[in-house]
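This report describes how the parts of one model meet one another. The sequence and the structure come first.

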Number of protein chains: 2
Amino acid sequence: MKDKRVTIDDVAAAAGVSRQTVSRAINDLPGISIATRERILTTAQQLGYRPSGIARGLANAGQRTRTFGVVVPTIDNEFYAAVLHGIKDLTSARDYHVFLVDTNEDPATEYRRIQSLFSLWIDGLIICSSRMEDQQLAEICSQLRPVILLNREFIHPHAGNVLIDDAEGTESAVRHLVECGHKRIGMILGMPVSRSSENRRQGYLRAMHQAGLPVEPGWMLHTGAQLDAAYTAGKPYLQAHPELTALVVYNDVRAAGLLRACAELGIAVPGRLSLASHDNITLASLVTPSLTTVDIPKYEMGRRGAVMMLDMLTDRRLQPETIRLTPRLVERESTATPNAKGAPIQ
Amino acid sequence: MKDKRVTIDDVAAAAGVSRQTVSRAINDLPGISIATRERILTTAQQLGYRPSGIARGLANAGQRTRTFGVVVPTIDNEFYAAVLHGIKDLTSARDYHVFLVDTNEDPATEYRRIQSLFSLWIDGLIICSSRMEDQQLAEICSQLRPVILLNREFIHPHAGNVLIDDAEGTESAVRHLVECGHKRIGMILGMPVSRSSENRRQGYLRAMHQAGLPVEPGWMLHTGAQLDAAYTAGKPYLQAHPELTALVVYNDVRAAGLLRACAELGIAVPGRLSLASHDNITLASLVTPSLTTVDIPKYEMGRRGAVMMLDMLTDRRLQPETIRLTPRLVERESTATPNAKGAPIQ
DNA sequence: ATGAAAGCGCTAACAG
DNA sequence: CTGTTAGCGCTTTCAT
């Protein structure tokens, strides 16, 4: 089926040294003469020797497999693709390998798949927007270090955090709408299990409160993650709430769904309804009207997480940090003064 | 740092049997009484025993780590995210784990990272849109089985193929444009290393030839993978070729870049220029005008690849197949009869 | 039906 | 500086 593997013993025999000396040469450890190292490295090269990560992992009793897991709710959302992109470069450069776990937005799947990953003796774990309970996270952290949480605050001696100030981001969006003159502002939320969604809801409530504006319970609507779900749920919501002149939307994907609903209902955006969303993924600038949105530094979040992970792996004494990234409102076409003249979209 | 691992010996001791018997129980192998199996499984459960995939891999001499690699040019493109999505479900259900490799569209990186992955003794490999030379692919296939190639034809006893008839897809797009009445049709290509791009170019040339239409060399333009790259390269191209009334574009991302260039140049789409692209990713239906595009069954491609992989892993005697999926033109707003009246976009 | 022995390929701990 | 001795946790023989 496949050629016999070249093992460390083969190299040792060929170079006429002990297996151990080869190990020292390969791993650049002290206690070996330069000449010997050179010679061994050359023979290893000639034989096409590749150290087995599997055997290394075993011998190390699970210390260093040079692998770690990355967990995302769904790879199908450009947001997480961008985070992964931020993780990738460093990982590739340092010759680590990444197990990708897609949890389908389901906390139970997340927990199960992570536990299963543990049997592979990963060195660490990056969990993006974890939907699990604190207790489960604690259990996972007790089994592994480091665990880097992106977009989810969790305090644990093994856990690092790269956080977005979600509430502040949403507040800036609401303030923008208020400055435009809006008074009746609704909010489209994400999945109930999403922490970001809850944080953004808090930001919305706080900003509305600070502006002295009322909030009706019916003004808030949870929708599924797909564009179609937002479209489907959004249509009756829009019809039921003609009093609203602006909406803060959980993310761009949902905003795009609402845009479609608005178009079909003849609701002009931003003429009759302003829309401010979050994430600033590619489509935010491509849809018509382009979306005013709170930019989340997705790539940077991934990159910083990967840096922390690799640093902690390189020097096990390093303590995990908490990094806070700041979102920033990007004003585009989907927000304007309320009741401005403007024909319905189609 | 972490609790002592529970090993097979711990379970054996607790259950009062040999390590071997535990192994039989865990792996559901014959040669063990039902009662004993039950008892062992229970104690294993109580102890929280999780078999080490690493040790299993080593003991198996690289046969079954329940791990395989998935290689994509760039996770940042929704196309590949969709493929991954198709791979994910089955993988998760069968409790396999996936190493994700992003090659940055670079053949050398692709080769290097795959070789590096081999040290982890993966069971198989799915390579999406490989940019490597046949010779390198052959080398990789000689080291591993199965290797499933998505969107890249390659014949080898270890290699399965899930293919798209790219040329046919492009031909259907060109035929559509010709039927609209276009005579001078250009093409925006992908990266020169992309096989799809080359196949689509062939389809373009063939369809133009069959329609008896001329093709100028200057009508074809290669652009980078990002939207901005297409926008930047597209602008001077559009200005240099006012004779063109329609464009076949390599993919939706690039078409979106061109759309922006057209908007800035005051070129109405489809009024003065029709655009037909490929892939049918989300943004294709969201941009204005929405894109006529050749739908590629991305999710299905990933899913079929994963099915073949897992089938071959389950039954090692199974021979790899070649599966061909058919693209399908989706007509939207970006194509129309040439020279139809219609004001420039802005 | 169960157990004992050997070894997968490597590194850590100790010798020399 | 280099070699020897033990495993890491598991599965495969081969015994019993």
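## Helices at strand D

In this predicted model, α2 and α4 of chain A and α2 and α4 of chain B each supply at least two residues of the surface near DNA strand D. Sorted by class, the surface near DNA strand D has 11 nonpolar, 12 polar and 6 charged residues.

There are 29 residues around DNA strand D, and those that come nearest are Gly31(A), Ile8(B), Arg19(B), Gln20(B) and Tyr49(B). Of the atoms of DNA strand D that come within 4 Å of the protein, sugar and phosphate account for 57%.

Chain A reaches both base and phosphate atoms of DNA strand D.

From chain B, Ala55(B) takes part through its backbone: one of its polar backbone atoms is 3.3 Å from a base nitrogen of DNA strand D.

## The surface at strand C

Near DNA strand C, at least two residues of the surface come from each of α2 (19-26) and α4 (53-59) of chain A, and likewise from each of α2 (19-26) and α4 of chain B. By class, this surface has 11 nonpolar, 12 polar and 7 charged residues.

Ile8(A), Arg19(A), Gln20(A), Tyr49(A) and Arg24(B) come nearest among the 30 residues around DNA strand C. Sugar or phosphate holds 55% of the atoms of DNA strand C within 4 Å of the protein, and the rest belong to bases.

Two residues of chain A approach phosphate oxygens of DNA strand C. For Ile8(A), a polar backbone atom is 2.3 Å from a phosphate oxygen. For Arg56(A), an N or O atom in the side chain is 2.6 Å from a phosphate oxygen.

Arg24(B) approaches a base instead: an N or O atom in its side chain is 2.6 Å from a base oxygen of DNA strand C.

## Extent of the protein interface

## Salt bridges and strand pairing

The interface of chain B and chain A holds 4 salt bridges. One of them joins the side chains of Asp102(A) and Lys88(B), with an N to O distance of 3.4 Å.

The two chains also meet through strands: β2 (residues 97-102) of chain A pairs with β2(B) in the antiparallel sense, over 3 bridges. Within this pairing, Phe99(A) has Phe99(B), in β2(B), as its bridge partner.

Key:
Residues numbered from 1 in each chain as written. Chains lettered and ligands numbered in written order. Predicted model: local features only at pLDDT ≥ 70, side-chain atom pairs only at ≥ 80, totals over all residues. Heavy atoms only, no water. Pairing = 2+ DSSP bridges. Helix = DSSP H or I, 4+ residues; strand = E, 2+ residues; numbered from the N terminus. Near = heavy atom within 4 Å. Polar contact = N/O pair within 3.5 Å; in protein donor to acceptor, adjacent residues only side chain to side chain. Nonpolar A, V, L, I, M, F, W, Y, C, P; charged D, E, K, R; others polar.
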